[in-house]
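I am opening my notebook on a structure that I have not looked at before. I will write down what I looked up, entry by entry, and what I found.

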Amino acid sequence: MLFEVWAPNAEEHVTLWLDGEELPMERAQGRPGWWEAEAEAGDGARYGFAVDGGPVRPDPRSRRLPDGPDGPGAVVDQGAHAWRHDWPGRGLNGAVLYELHIGTYTPAGTLDAAAAHLGELAELGVTHVELMPLCPFPGTHGWGYDGVAPWAVHEPYGGPEALKRFVDTAHGHGLGVVLDVVHNHLGPAGNYLPVFGPYFTDTHHTPWGAAVNLDAPGSDEVRAYLLGSALAWLRDYRLDGLRLDAVHTLVDTRALTFLEELAAAVDGLAADLGRPLFLIAESDLCDPRTTTPRPQGGIGLHAQWNDDFHHALHTALTGESQGYYADFATAPMAALAKTLTRAFFHDGTYSTFRGRTHGRPVNTATTPAHRFVAYSQTHDQIGNRALGDRLSATLTPGLQACAAALVLTGPATPMLFMGEEWGAGTPWQYFTDHTDPELAEAVRAGRRREFAEHGWQAEQIPDPQAPATRDRSCLDRAEREREPHAGLLAWYRELIALRRTLPDLTDPDLAAVKVAFDEQGKWLAYRRGDTRVAVNLGPDPAAIPLGGGGRIAAAWGKVQPPDGDGVLHLSPESCVVLTGA
């Protein structure tokens with residue numbers, strides 16, 4: 001087989017290390033910076049490269065790292081897996097996403113263990129599982145955002161074959177699979193890309209240090225490296241989409257941006273494969289151009305997370321006003337209404353948190369609602385809190401039910417965070433497993449220093465490196481069988497079923513959503529076609545003038561249809577979905 005590596009940093013030679021044997025490599029003709037060698041090797045053969053007599057390092061494109069990021073890679077025969085299910089694909093329109101972290105979804109923390117529970121998610125009614133990052137990182141447990149090998153699967157999770165089994169099982173249940181990928185940085189330990197070439201540049205700086213090289217000399221090959229990785233996930237593992245981490249931190253001054261190039265390549269691959277593929281951006285820019293089609297002058301990604309909806313909902317539910325919540329806390333019901341009808345709260349408005357105006361308006365007449373992803377909880381919004389506390393730690397079941405109604409009947413593509421559907425009592429905390437003692441201590445101290453600025457004592461902050469921090473973040477499925485968790489789980493199932501059966505709830509027309517609210521009364525109601533949704537987040541009963549009747553399709557709490565005057569009476573912390581005139 002042909003072994004090849006882009007190593008422009010090599011001044012004299014590159015050596016292929018293959019199962020203990022050293023083999024010389026030659027410069028590839030017509031491919032500046034590339035080295036190649038032919039050698040016999042089968043599935044599982046261990047190999048790596050040494051630049052100018054240095055230590056053996058894993059192939060930047062290695063598909064498997066059996067011994068972790070510091071060890072050699074292993075050859076993977078991509079054609080060896082026997083797929084059991086033909087899969088026509090499942091697009092984003094009409095989707096309900098479910099964010100899942102493999103390492104804490106089960107105590108075992110493996111892809112195979114998680115796959116055993118995919119039937120539960122099919123019964124819940126979600127359409128796609130969105131996996132948090134799977135790329136290798138030092139140690140066993142972590143969030144995954146410190147990955148250092150964008151082509152490989154973390155070995156403690158089960159490696160590449162386990163991912164194929166997971167995807168195959170998901171498809172057998174009718175579930176699509178989305179993977180969270182990180183292009184804006186690599187982790188601080190086990191990253192050997194700079195040995196080979198200019199994968200990073202000091203031209204720009206990011207919160208993680210030198211930027212990934214998307215526009216400096218050598219960036220053509222770096223972009224090809226990342227593009228190839230993205231397409232490999234979709235093609236070789238039969239994934240349905242990718243979530244792109246923090247695209248606003250990608251520094252790219254080229255006329256054709258990396259994100260545009262990636263979107264075009266994924267659209268091309270979808271056409272070749274004959275099944276839908278999509279890209280979801282995490283972006284805090286509040287810029288509709290992120291998902292505007294390329295022929296209309298946009299980047300052409302297919303959807304983007306909408307933190308503005310989350311922040312408005314969170315402040316309405318909790319009353320919190322610290323940090324970025326301050327912009328939403330002045331009038332949270334108004335902010336929530338705006339995000340339900342215009343997607344972004346910050347659409348050119350002043351942000352006190354940023355000290356400047358922020359965002360751009362969405363053209364609701366031409367932008368389909370499913371291009372925005374809405375949620376009440378995510379890994380970030382839980383795990384970046386000091387104690388990793390979920391909404392269930394402070395909210396009543398009624399308020400959790402109201403949050404679910406707003407997410408699952410709203411116009412945007414809904415997303416749940418694992419365990420949310422039964423109001424999981426377990427936290428989801430920030431945990432790491434750095435093998436470098438100095439790095440481990442730096443992360444521990446940094447975490448405590450960050451929250452000390454907000455009044456927390458050091459001993460109150462969970463130690464990211466302690467195994468107990470990860471362990472307590474694992475879901476407790478026994479909760480599902482007892483109240484109030486069982487009732488909340490039934491409510492989520494009911495709402496998702498309604499979204500599937502009521503066409504109004506997947507209508508992409510943002511401009512058709514009509515909202516009324518009372519800031520003091522803390523109620524909000526909206527209409528989507530012939531479907532009305534009303535929530536009362538307040539501690540007092542609410543009389544909501546709907547102006548018409550309707551049949552109760554679903555309700556949390558004791559709710560009667562609107563009276564003869566079209567007034568709906570809702571008890572505190574309750575909600576209802578009505579259909580018909």
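This is a predicted model: local features need pLDDT of at least 70, side-chain atom pairs count only at pLDDT 80 or more; totals for chains, interfaces and linings use all residues.

**Entry 1: helix H7**

Next I looked up which residues of H7 are buried, and I found Phe258, Leu259, Glu260, Leu262, Ala263, Val266, Leu269 and Ala270. These buried residues pack against helix H6 (219–236), strand E13 (241–244) and strand E14 (278–281). Just after H7, I noted that Gly274 takes a positive phi of about 75 degrees.

**Entry 2: H6 against H7**

Two packed helices are described by the angle between their axes and the distance between the axes. For H6 and H7 I read that the axes come within 10 Å and cross at roughly 30 degrees, and that the crossing is right-handed. On the H6 side the residues that meet H7 are Arg223, Leu226, Leu227, Ala230, Leu231, Leu234 and Arg235, while H7 contributes Phe258, Glu261, Leu262, Ala265, Val266 and Leu269.

Most residues other than glycine have a negative phi, and most peptide bonds are trans. With that in mind I noted Arg238, whose phi is near 60 degrees although the residue is not glycine. Arg238 lies in the loop between H6 and E13, and with a relative accessible area of 26% it is partly exposed.

Ala246 also has a positive phi, near 40 degrees, and its place is in the loop between E13 and H7. Is Ala246 buried or exposed? Its relative accessibility is 8%, and because buried means under 20%, I wrote Ala246 down as buried.

**Entry 3: strands E8 and E9**

I then looked at strand E8 (residues 97–100), where both faces are covered: Leu97 and Glu99 on one side, and Tyr98 and Leu100 on the other, are all buried. Strand E8 runs parallel to E9, with four bridges joining the two, and within this pairing Tyr98 stands opposite Val129. Strand E8 also runs parallel to strand E19 (residues 413–417), here with three bridges, and Glu99 stands opposite Phe417.

In E9, which covers residues 128–131, I picked out His128, which is buried with a relative accessible area of 0%. Leaving out residues up to four places away in sequence, His128 touches a list of residues that includes Leu97 and Tyr98, together with Arg90, Gly176, Asp240 and Phe278.

**Entry 4: an antiparallel sheet**

In what order do the five strands of the open sheet lie? I found the order E20-E21-E22-E26-E24, with antiparallel pairing. The edge strands, each pairing on one side only, are strand E20 (514–518) and strand E24 (551–556). Direction ignored, neighbouring strands of this sheet are turned by 10 degrees against each other on average.

Within the sheet I followed the pairing of strand E22 (residues 531–536) with strand E26 (residues 574–579), which run antiparallel and are joined by six bridges; here Ala534 has Val576 as its bridge partner. I also noted that helix H10 (residues 332–342) lies across E20 and strand E21 (523–528), running at about 175 degrees to E20.

**Entry 5: cysteines**

How many disulfides does a search of the whole structure find? The search finds zero. Cys402 is in no disulfide, and the nearest cysteine sulfur, that of Cys575, is 4.0 Å away. Cys575 is likewise in no disulfide, with the sulfur of Cys402 as its nearest at 4.0 Å. Cys402 is buried, with a relative accessible area of 0%, and Cys575 is buried with a value of 0%.

**Entry 6: a cis peptide bond**

Last, I looked up the bond between Glu483 and Pro484, which is a cis peptide bond with omega about 5 degrees. Pro484 is found in the loop between helix H14 (467–472) and helix H15 (485–501).

Definitions and conventions: Residues are numbered from 1 along each chain as its sequence is written. Side-chain values use heavy atoms; hydrogens and water are left out. Buried means under 20% relative accessible area, exposed over 50%, partly exposed in between (1.4 Å probe, protein chains only). Contact means heavy atoms within 4.5 Å. Two strands pair if DSSP finds at least two bridges between them. Axes are lines fitted to C-alpha atoms, for helices over the stretch in contact, and angles run from 0 to 180 degrees between N-to-C directions. A disulfide is a pair of cysteine sulfur atoms within 2.5 Å. A crossing is left-handed if the near helix is turned anticlockwise from the far one by less than a right angle, and right-handed if clockwise.
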